[in-house]
Amino acid sequence: MKYLKKFWKGWKRLYKDKPCVAMIFDRSYLVYDVRKPMNDISDVMWRFKDKAHFVYGGIPRLCYHVEEYKRNLGLKDEMFHKIEIPYCDKLYFNKENVAHGWVQEVMSYNPDHILILRDNGHTNETDALVQYAIAHKVHVVEVDNHNHKRDLVDHNGYITKGYYDQTLFGKR
């Protein structure tokens with residue numbers, strides 16, 4: 001028992017000073033050219049290379065690229081946390097819904113930055129995460145498949161744009 005307490009204190013100390021970066025890949029994201037999401041993933045991973053730990057999940061192909069960059073950069077496995085995102089066709093999330101649990105799991109890591117790759121700004125899978133992050137003033141950036149970026153909350157915690165005044169996003 002003492003060992004577990006010592007381990008937990010050590011783990012907290014290890015990640016206390018390091019930021020957490022979440023990379024979520026929504027299934028509405030249409031991968032026409034794989035170089036665009038690979039560039040976004042590599043930009044985030046190069047910027048926070050040894051300074052952060054990462055939470056990622058969603059489209060299996062893009063999760064594979066995260067793991068590939070992890071190997072290429074020589075980063076430790078304990079810096080990466082993969083989240084399984086169950087897909088739901090229901091319109092709204094509620095406590096009984098299975099998909100609500102993964103949002104809580106992502107937010108339990110206290111991410112400082114969230115990158116969401118999605119084309120539909122109102123999908124069931126990631127909408128709850130975005131709304132939760134906006135309410136807690138976490139830096140959120142959405143990117144669509146045409147590489148249009150939208151900062152929802154900036155680095156200082158200010159909401160930069162209204163959440164529903166989006167005209168660039170949507171399936172084309």
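**Contacts, strands and helices**

Modeller: This is a predicted model. Of the contacts in the chain with a separation of 6 or more, 68% are between residues 24 or more positions apart.

Biologist: How many helices and strands are there in the chain?
Modeller: The chain has 5 helices and 6 strands. Along the sequence they follow the pattern α-β-α-β-α-β-α-β-α-β-β.

Biologist: And what percentage of the residues is buried?
Modeller: Buried residues are 48% of the 172 in the chain.

Biologist: Does strand 1 run parallel or antiparallel to strand 2?
Modeller: Parallel, with 6 bridges joining strand 1 (residues 20-25) to strand 2. Phe25 stands opposite Gly58 in strand 2.

Biologist: Switching to helices. At what angle do helix 2 and helix 3 pack?
Modeller: Helix 2 (residues 35-47) and helix 3 (residues 60-73) pack at about 40°, and their axes are 10 Å apart. That angle makes helix 2 oblique to helix 3. Their crossing is right-handed.

Biologist: Which residues meet there?
Modeller: From helix 2, Pro37, Met38, Ile41, Ser42, Met45 and Trp46 meet Leu62, His65, Val66, Tyr69, Lys70 and Leu73 of helix 3. By class, this contact of helix 2 with helix 3 has 9 nonpolar, 2 polar and 1 charged residues.

Note on methods: Residues numbered from 1 in each chain as written. Predicted model: local features only at pLDDT ≥ 70, side-chain atom pairs only at ≥ 80, totals over all residues. Heavy atoms only, no water. Axes fitted to C-alpha atoms, helices over the stretch in contact; angles between N-to-C directions. Helix = DSSP H or I, 4+ residues; strand = E, 2+ residues; numbered from the N terminus. Parallel < 35°, antiparallel > 145°, perpendicular 65-115°, else oblique. Left-handed = near helix turned anticlockwise from the far one by under 90°. Contact = heavy atoms within 4.5 Å. Nonpolar A, V, L, I, M, F, W, Y, C, P; charged D, E, K, R; others polar. Pairing = 2+ DSSP bridges. Buried < 20%, exposed > 50% of the residue type's maximum accessible area, 1.4 Å probe, protein only.
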